[in-house]
Each structure stands twice: as structure tokens, then as C-alpha cells.
Amino acid sequence: MPTWREKVQQRLQDSCIPRLKMHFDMRENNVDIHDSGFLDCCKVLCAKRGCKTMVTETTQGSNFSRVLFHDEPRDLELVPVAVSSKKKRGKGKGPSKAPKKVYKCWVLE
């Protein structure tokens with residue numbers, strides 16, 4: 001019987017269009033997309049739709065989160081590791097960095 005396995009540091013490729021997307025607005029409702037009960041419900045929905053991968057995407061400092069369902073695990077890619085750089089003293093502020101996104105991924109194997 002297939003089981004769900006968590007894949008570390010993986011997400012859907014940018015060029016990939018997921019079969020199903022769910023967006024959550026946390027301004028009015030406190031939704032935790034990483035709650036185990038919520039994830040169990042998403043896994044059931046994902047399996048019933050014939051999907052084999054589920055990716056959660058949360059942007060730090062944002063009130064929105066996404067859950068993406070897809071049918072091909074081979075469309076996953078590794079999340080690029082951010083390179084830290086040291087700032088020189090006396091320089092003005094450069095362009096602001098994009099907010100950090102946190103991904104969690106599960107694959108039905």
C-alpha cells in the first residue's frame with residue numbers, strides 16, 4: 001500500500017503547472033497549513049484527485065499560503081540554498097531581498 005513520504009528541500013518547478021492549487025488568507029482566519037490534521041485531509045484530497053505530490057508554500061511575513069497538488073513527482077526540484085554575503089561598512093542599502101519562502105513536500109510512494 002502506498003504511503004506518504006516527506007521530501008526535504010523540494011518544491012515544484014517554476015515551469016510546472018499544478019493540477020490543483022489552494023490559497024489561504026490568514027488575515028481573518030488563523031489557518032495553520034502545517035497542522036497534522038489539516039495535512040491529513042489534504043493528503044486524502046490529493047489521493048482522491050489522482051495526485052502523487054503535495055507541496056506547501058509559506059512566505060515569511062505574508063498573510064498568504066499555498067498548497068499545491070501535482071501528479072508527477074519527477075516535476076519536483078531542489079530548493080536553491082540562499083548564499084549569505086557580508087555587507088561592507090559605509091555603503092548605502094542595496095536592493096531589498098525577496099522574502100524567504102518555506103516549502104514542505106510529500107510524495108505518495
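This is a predicted model: local features need pLDDT of at least 70, side-chain atom pairs count only at pLDDT 80 or more; totals for chains, interfaces and linings use all residues.
The largest nonpolar core has 12 residues in all: Leu20, Met22, Phe24, Ile33, Leu39, Cys42, Cys46, Cys51, Met54, Val67, Phe69 and Trp106. Another core, of nine residues, lies apart from it and includes Cys16, Tyr103, Cys105 and Val107.

Leaving aside residues up to four places away in sequence, valine 67 touches Leu20, Lys21, Met22, Phe24, Ile33, Phe38, Cys42, Met54, Val55 and Thr56.

Strand β4 (residues 53–59) comes next, with threonine 59 as one of its residues. Threonine 59 has a relative accessibility of 15% and therefore counts as buried, the limit being under 20%. With residues up to four places away in sequence again left out, threonine 59 touches Phe64, Pro99, Lys100 and Lys101.

Lysine 101 leads on to the charged side chains. The whole structure contains eight salt bridges. In one of them, the side chain of lysine 101 meets that of glutamate 57 at 3.7 Å, N to O. This pair links distant parts of the chain, since lysine 101 sits in strand β7 and glutamate 57 in strand β4, 44 residues apart. The two partners can be told apart by their accessibility: lysine 101 is partly exposed at 40%, whereas glutamate 57 is buried at 9%.

Glutamate 109 and lysine 7 form another salt bridge, 2.9 Å from N to O. Glutamate 109 lies in the segment after β7 (101–108) and lysine 7 in strand β1 (residues 4–7), so this bridge ties together parts that are 102 residues apart in sequence. Glutamate 109 is partly exposed, with a relative accessibility of 45%, and lysine 7 is partly exposed too, at 27%. Arg5 joins Lys7 and Glu109 in a network of salt bridges.

A further salt bridge connects arginine 11 with aspartate 14, where the closest N and O atoms are 3.9 Å apart. Here arginine 11 is buried, at 14% relative accessibility, while aspartate 14 is exposed, at 66%.

Terms used: Residues are numbered from 1 along each chain as its sequence is written. Side-chain values use heavy atoms; hydrogens and water are left out. A nonpolar core is a set of buried Ala, Val, Leu, Ile, Met, Phe, Trp, Tyr and Cys residues joined through side-chain atoms within 4.5 Å. Buried means under 20% relative accessible area, exposed over 50%, partly exposed in between (1.4 Å probe, protein chains only). Contact means heavy atoms within 4.5 Å. Helices (H or I, at least four residues) and strands (E, at least two) are DSSP runs, numbered from the N terminus. A salt bridge is a side-chain nitrogen of Lys or Arg within 4 Å of a carboxyl oxygen of Asp or Glu.
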